[in-house]
There are 2 protein chains.
Amino acid sequence: MSARLTDGTASADFLARVASCQARIESVLDAALTLPDPGTERLRDAMRYSVLGAGKRLRPTLVYLTGESLGAPLARLDAPAAAVELIHVYSLVHDDLPAMDDDDLRRGRATCHRAYDEATAILVGDALQALAFAVLANEPMLGTSAETRLAMIRLLARATGTGGMAGGQAVDLAAVGHTLTVAAIENMHRRKTGALIQCSVLLGALAAGVQQGAEIAALERFGAEIGLAFQIQDDILDVEGDPLVLGKSTGADAAHSKPTYPSTAGLAASRLRAGELRDAAIAALEPLGARAAGLAQLAKLVVDRSS
Amino acid sequence: MSARLTDGTASADFLARVASCQARIESVLDAALTLPDPGTERLRDAMRYSVLGAGKRLRPTLVYLTGESLGAPLARLDAPAAAVELIHVYSLVHDDLPAMDDDDLRRGRATCHRAYDEATAILVGDALQALAFAVLANEPMLGTSAETRLAMIRLLARATGTGGMAGGQAVDLAAVGHTLTVAAIENMHRRKTGALIQCSVLLGALAAGVQQGAEIAALERFGAEIGLAFQIQDDILDVEGDPLVLGKSTGADAAHSKPTYPSTAGLAASRLRAGELRDAAIAALEPLGARAAGLAQLAKLVVDRSS
């Protein structure tokens, strides 16, 4: 994501900050996946294969940028940043399974069930979900109370389950071969992708001790808008993106007869809507003032990306 | 489990207590699965189909009996009791998938992927896992501190992930077609089945405010011994049980070339070992005195059952 920008508005400083978030989460995830359990080396290898070495790390970056903007030390953000990425990767591994989207390529490599096998891929997703909650409950998070950790677990469980990602995926499965309204597509995207992206923003705020009031309302709105914008841009890239740049096959949505934003509203309207959501996300940050400059730049990156 | 006993040692009072735990958890699970999310009715129905109306409810019963023995009010035990059963059912739904054990029958009914479809069954397991953590983080648990809840989530995540159930399942997959030593079988069973059973005992203790000392050490031992005893008895029933009584096909382990306790040590040695573990579990309860009478009776039920 950081490597390819089309509008040239992101500063070199900001891109360096994003790159440093990406490097930091890589090492945090590596440590979280150093599992000592003998007899499960293949499972561990498949988990590491699925998680490490690739990915835009948008969700952890949101945790870091939000938390830092509000004054949280980086070390306190590692656990929530890792947790959201572990949930995200588990969902990719399961979504790629033959019974779901049946995809062969992900992040430029064979999908987990192609590189290993289906049973292992099912277990990888299952174990990554458990690990996400384990990390939030276990890892050092200096200066964070048990109440705040519990609030984080509550948010993550909600964003992951039927009210969020899993529910959105069920809607997505049910939609195959059907025509949806634009409103129904937006609802599906808000749950399948948006809930976890919004959760990432809110976990960063919680880690900074911001739990309620105008700042949380602003960040909830910001997270919801960029969550939807991100998925619409994903749909657009599935139509017109470069598979080499994306690291996954394009045209998959159409091949699966999945209704998407572009297939429903058209490409031009999709681009307009993504820009509108980016602007609404940036506008939502107003109560945070100058502290939110990084988040505003990230909102631009989310829409003006080619991978 | 409560309906069929072979040794006649369980009192009518105790059986009534087990039946009341089973009835109580049924209504708690029903409430937890009353999900309002529109558009995901099929997922919700498949979750309810998988969880409600059947099952021995051993794990919730362990939470209730342990917690009650140590003085916790029943209402405080509902959330952990529901959480362990939701994790257990998620593991059954995923284990039954074609890429795993490929089973058609479970608890006397079609398995989830046969009654619905594979994609739905994958999502059902995923969503049940998230719900288990949501229940522990959200539900009222009067008189339980945030620290204690966090400790519960920590234990549950450990019992569920690579160090417990998911790791044990990976060992199980790797063992297909191989000969294992009795020690390796025991290790696999302790992780795949034992970890969550032990966790159920410990969650009951945590809810009662018992966190360390001789009582916890006794309950850890007790949980470990009955966890292994339970799985050995499961292996025995897979050889000589009645499919109508069990509600699932027998002979599945042999058909899948899975090494089991009986296939490795023989049936007679398996029965001996299960009895030995039952006795060790009961002996472990000694520091708890008369309060542990119910747990001791449950240890007998676990081994002397025909379903």
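Predicted model: local features only at pLDDT ≥ 70, side-chain atom pairs only at ≥ 80, totals over all residues.
Me: What rotation superposes chain A on chain B?
Reply: Two copies of a chain are related by a rotation about an axis and a shift along it. Here the shift along the axis is 0.0 Å, and the superposition has an RMSD of 0.0 Å. The relation is therefore that of a two-fold axis. The rotation that superposes chain A on chain B is 180°.

Me: In chain A, which residue has the C-alpha nearest the axis?
Reply: The axis in question is the one about which chain A is rotated onto chain B. The nearest C-alpha in chain A lies 2.8 Å from that axis, and its residue is A:Ala146.

Me: What percentage of the interface residues of chain A are also interface residues in chain B?
Reply: The contact involves 44 residues of chain A and 44 residues of chain B. The copies meet through the same surface, because the share of interface residues of chain A that are also interface residues in chain B is 100%.

Me: Which helix supplies the largest share of the side of chain A that touches chain B?
Reply: Four helices of chain A each supply at least two residues of this side: H2 (41–51), H6 (118–138), H7 (146–160) and H8 (165–175). The largest share amounts to 14 residues, and its source is H6(A).

Me: How many nonpolar residues does the side of chain A that touches chain B have?
Reply: Divided by class, this side of chain A includes 12 polar and nine charged residues. The remaining class is the nonpolar one, with 23 residues.

Me: Which residues have the most contacts inside the largest nonpolar core?
Reply: In soluble globular proteins, nonpolar side chains tend to be buried together. The largest nonpolar core of this model has 198 residues. One of its residues with the most contacts, B:Ile153, is in contact with residues of both chains, including A:Phe133, A:Ile153 and B:Leu136.

Me: At what angle do H3(A) and H9(A) pack?
Reply: Two packed helices are described by the angle between their axes and the distance between the axes. For H3(A) and H9(A), the latter spanning residues 182–207, the axes are 7 Å apart. The crossing is right-handed. The packing angle is about 30°.

Me: How many charged residues does the contact of H3(A) with H9(A) have?
Reply: Residues of H3(A), among them A:Arg59, A:Leu62 and A:Val63, meet residues of H9(A), including A:Leu196, A:Ile197 and A:Ser200. By class, the contact has nine nonpolar and four polar residues, and the number of charged residues is one.

Me: Is B:Arg57 buried or exposed?
Reply: B:Arg57 belongs to the loop between H2 (41–51) and H3 (58–69) of chain B. Its phi is near 60°, a positive value in a residue other than glycine. A residue is buried if 20 or more other C-beta atoms lie within 10 Å of its own. Because B:Arg57 has 25 such atoms, it is buried.

Me: What is the phi of A:Asp102?
Reply: A:Asp102 is placed in the loop between H4 and strand S1 (105–106) of chain A. With 14 C-beta neighbours inside 10 Å, A:Asp102 counts as partly exposed. Although A:Asp102 is not a glycine, its phi is positive, at about 55°.

Me: Which residues does B:Val239 touch, not counting residues up to four places away in sequence?
Reply: B:Val239 lies within helix H10 (residues 214–240) of chain B. It counts as partly exposed, since it has 16 C-beta neighbours inside 10 Å. With residues up to four places away in sequence left out, B:Val239 touches B:Pro262 and B:Leu267.

How values were computed
Residues numbered from 1 in each chain as written. Chains lettered and ligands numbered in written order. Contact = placed C-beta atoms within 7 Å. Nonpolar A, V, L, I, M, F, W, Y, C, P; charged D, E, K, R; others polar. Core = buried A, V, L, I, M, F, W, Y, C linked by C-beta atoms within 7 Å. Buried ≥ 20, exposed ≤ 12 C-beta atoms within 10 Å, placed from the backbone. Least-squares fit on C-alpha atoms with pLDDT ≥ 70 in both. Axes fitted to C-alpha atoms, helices over the stretch in contact; angles between N-to-C directions. Left-handed = near helix turned anticlockwise from the far one by under 90°.
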